[in-house]
Amino acid sequence: MSEDAAEFGARTVRGGTRFSLWSGAGEHAWVCLFDAESGEETARIEMARAEDGIFSATVKEAGPGTRYGYRVDGRFAPHEGHRFDPAKLLVDPYAHAIDRPFAYDPRLAAPREEGIDTAPLMPKSVVTTLPRPKRPAAPKFTPGGLVYELNVRGFTMRHPDIPERLRGTVAALAEPPVIEHLKKLGVSAVELMPIVAWIDERHLPPLGLTNAWGYNPVAYFVPDPRICPGGIAELAETTKALHKSGIGVILDVVYNHTGESDAIGPTLSLRGVDNAAYFRHAADGTLINDTGCGNTLACDHPMVRRLVLESLRHFVRYAGVDGFRFDLAPILGRSMEGFSAEAALLQEIAADPVLSTRIMIAEPWDIGPGGYQLGQFPDGWLEWNDRFRDRVRRFWRGDGHMLGPFASALAGSSDSFTGKTTRSVNFIAAHDGFPLADLTTYAHKHNEANGEENRDGHNDNLSWNNGVEGPTDDPDILGARRADIMAMLATLFASRGTIMLTAGDEFGRTQQGNNNAYAQDNEIAWIDWEGRDRDLETFTAELSTLRRRTKVLSGTTFLSGETDETGIPDVAWHMPNGNAMEPENWEDPGGSAFAMILRNTHGARLAVLFNRSVTQLEFELPSRDGYAWSEASLGKIAVPARSVRLVREGMHKGNRSKRNATV
């Protein structure tokens with residue numbers, strides 16, 4: 001690699017800016033300068049090509065704030081993966097800022113022979129100077145805590161206590177009302193759905209819709225101007241404010257595909273730079289679609305790996321973020337032979353002096369061959385656990401043969417992860433699918449607003465409606481739905497491992513039955529702060545407080561039934577009548593209730609009592625000399641229908657005093 005082109009992108013030097021770009025198959029490349037006000041192209045400078053495929057040029061008249069883009073020419077041979085077109089203006093893959101958001105226009109995908117100059121349609125990259133990076137502090141978040149997933153725009157657009165000018169932006173997350181809410185919930189880290197610059201899918205503009213989630217990226221270093229108009233500095237200030245309150249920041253990132261989509265998609269950046277290198281292709285030049293989004297980044301290619309590593313470091317070094325959640329993460333470890341936890345990119349992340357200190361969370365599945373990889377990521381990675389999600393939903397829905405799988409999920413999912421510590425991120429609802437309240441309100445999806453005649457989104461949501469599909473005024477049905485939500489929340493906070501709550505689920509948000517609200521930048525997906533269920537919110541906050549104060553609940557070692565020096569097992573499973581669970585009890589297809597008794601500190605225990613039946617049950621818990629269960633009357637504890645109770649064990653009066661509690 002050329003020494004003076006060791007840094008890609010636009011780098012200010014004495015008297016100007018040096019532009020560097022890699023294109024292994026490109027034959028010619030130009031950096032184009034644009035007037036900031038008129039948008040007119042003012043200069044086109046051919047870049048010198050080195051043998052290693054790096055094009056570079058130093059432009060004296062270019063300084064901070066200069067608008068620019070690239071054009072690259074070479075062979076147009078789609079059957080070999082080559083799609084060069086010098087009429088297409090390209091955003092710099094290493095740009096740190098762009099002058100406006102991406103907007104889809106069909107002319108961006110015009111065939112090369114039409115010669116349509118796309119410069120007027122494209123955002124321009126902006127020459128940017130960055131402050132001296134600071135050494136990142138240790139992450140605020142540690143495994144076992146509460147991750148709070150949120151969409152920046154949808155989370156703040158309807159918040160009445162946030163200044164209107166800040167609503168929908170990253171800066172809004174630093175406002176006192178937001179931080180107060182996060183602290184009330186005991187959030188360990190916010191997980192921001194994608195914030196880098198993205199483009200709408202081509203079918204959305206004709207429907208009058210826009211991509212509201214951001215899972216269609218183009219520029220990996222650039223915070224999208226729509227939600228982060230202050231760029232990396234705005235993200236850094238917000239991260240600083242959250243850190244000051246003890247809250248970490250995790251970015252949801254998408255390194256599996258780009259918004260350039262399939263063969264008839266737009267040419268915006270990587271496709272025009274070197275399509276054959278950056279994207280995975282079959283032997284006939286067809287784009288491989290292991291993502292369902294039209295293309296798949298070739299994460300085994302050295303230049304793709306470099307792009308991923310440098311963009312991740314960028315957000316750590318200049319914004320101080322605590323970690324990353326990787327969308328469709330098996331793509332990171334894919335080659336033409338399939339997924340490997342020993343893949344070069346995964347090893348480079350582990351060896352990187354900056355990234356190795358961060359929290360890494362995998363969504364451990366894609367739609368390619370062998371795409372389901374739960375439990376297969378390297379040590380140190382956390383993983384979204386959809387088996388936990390499905391087991392909890394099935395249990396509370398009333399499915400048969402669920403006691404064993406449900407208990408395994410509670411204890412850390414040792415059937416999915418190896419070692420002594422669970423790497424599970426337990427969740428019941430996420431951005432993709434029904435929110436928690438809709439799980440108990442809709443047995444079927446209702447995605448008509450997405451303009452695809454309800455064909456999009458998952459068909460099997462493991463949901464139920466308690467007797468009526470959708471809204472109702474029936475108090476009995478409303479009560480049943482609320483009880484189910486509370487039971488699932490209690491289950492989540494009583495589970496072993498890291499837990500994740502999606503914003504608004506703590507107070508019963510709804511998406512009106514839409515289980516794929518990615519294109520709903522409106523009241524369907526925006527959180528209704530004024531209409532929230534404040535009692536449910538308080539209940540969730542109390543669960544979080546109990547979890548934080550009770551170490552046994554937030555642990556990450558697997559529960560196995562092993563005893564300590566006092567002879568107390570870390571977990572014991574009992575029937576409501578007090579007898580230990582036997583194999584035939586676990587295998588009972590209609591089993592609906594059991595007690596999970598956890599070893600707590602100072603010799604006390606904590607019982608978590610689950611009753612999914614439609615009647616109240618009386619639980620008897622095993623007793624021992626000197627101790628008693630709080631709230632027990634004649635040795636029995638009432639657990640209402642469709643509910644979870646948490647009961648502490650404490651010493652009898654006359655022994656050392658210990659405060660008892662029940663939730």
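I am working with a predicted model, in which local features need pLDDT of at least 70 and side-chain atom pairs count only at pLDDT 80 or more, while totals for chains, interfaces and linings use all residues. Residues are numbered from 1 along each chain as its sequence is written, and side-chain values use heavy atoms, with hydrogens and water left out.

**Entry: salt bridges**

I took a salt bridge to be a side-chain nitrogen of Lys or Arg within 4 Å of a carboxyl oxygen of Asp or Glu. How many salt bridges does a search of the whole structure find? The search gave me 35.

I looked up arginine 158 and found it paired with aspartate 528, with 3.7 Å between the closest N and O atoms. This pair links distant parts of the chain, 370 residues apart: arginine 158 is in the loop between α1 and α2 (176-185), and aspartate 528 is in the loop between β22 (498-502) and α11 (534-549). For helices I use DSSP runs of H or I with at least four residues, and for strands runs of E with at least two, numbered from the N terminus. Arginine 158 is partly exposed at 30% relative accessible area, and aspartate 528 is partly exposed at 33%.

Next I went to helix α5 (residues 302-319), where glutamate 310 and arginine 306 sit four residues apart, about one turn of the helix. Their salt bridge has its closest N and O atoms 2.7 Å apart. Arginine 306 counts as buried at 14% relative accessibility, whereas glutamate 310 counts as partly exposed at 24%.

I also noted arginine 313, which forms a salt bridge with aspartate 352 at 2.6 Å between the closest N and O atoms. Arginine 313 lies in helix α5 and aspartate 352 in the loop between α6 (344-351) and β19 (359-362), so the pair ties together parts 39 residues apart in sequence. Aspartate 352 is buried at 7%, and arginine 313 is partly exposed at 24%.

One more for the list: Glu41, Arg44, Arg71 and Asp117 are linked in a salt-bridge network.

**Entry: threonine 156**

Is threonine 156 buried or exposed? I found threonine 156 buried, with a relative accessible area of 0%. Threonine 156 belongs to helix α1 (residues 152-156). A polar atom of its side chain lies 3.0 Å from the backbone oxygen of valine 152. Counting contact as heavy atoms within 4.5 Å, and leaving out residues up to four places away in sequence, I saw threonine 156 touch Ile162, Arg167, Gly168, Thr169, Ala172 and Leu173. Alanine 172 is 16 residues away from threonine 156 in sequence, and their C-alpha atoms are 6.9 Å apart.

I call two strands paired if DSSP finds at least two bridges between them. Four strands form an open sheet in the order β1-β2-β6-β5, with antiparallel pairing. β1 (9-13) and β5 (48-49) stand at the edges with a single partner strand each, so one side of each is left without a neighbour in the sheet. Two bridges join β5 to strand β6 (residues 54-59), and alanine 48 has serine 56 of β6 as its bridge partner.

Definitions and conventions: Buried means under 20% relative accessible area, exposed over 50%, partly exposed in between (1.4 Å probe, protein chains only). A polar contact is a pair of N or O atoms within 3.5 Å; within protein, one must be able to donate a hydrogen and the other to accept it, and residues adjacent in sequence count only if both atoms are side-chain atoms.
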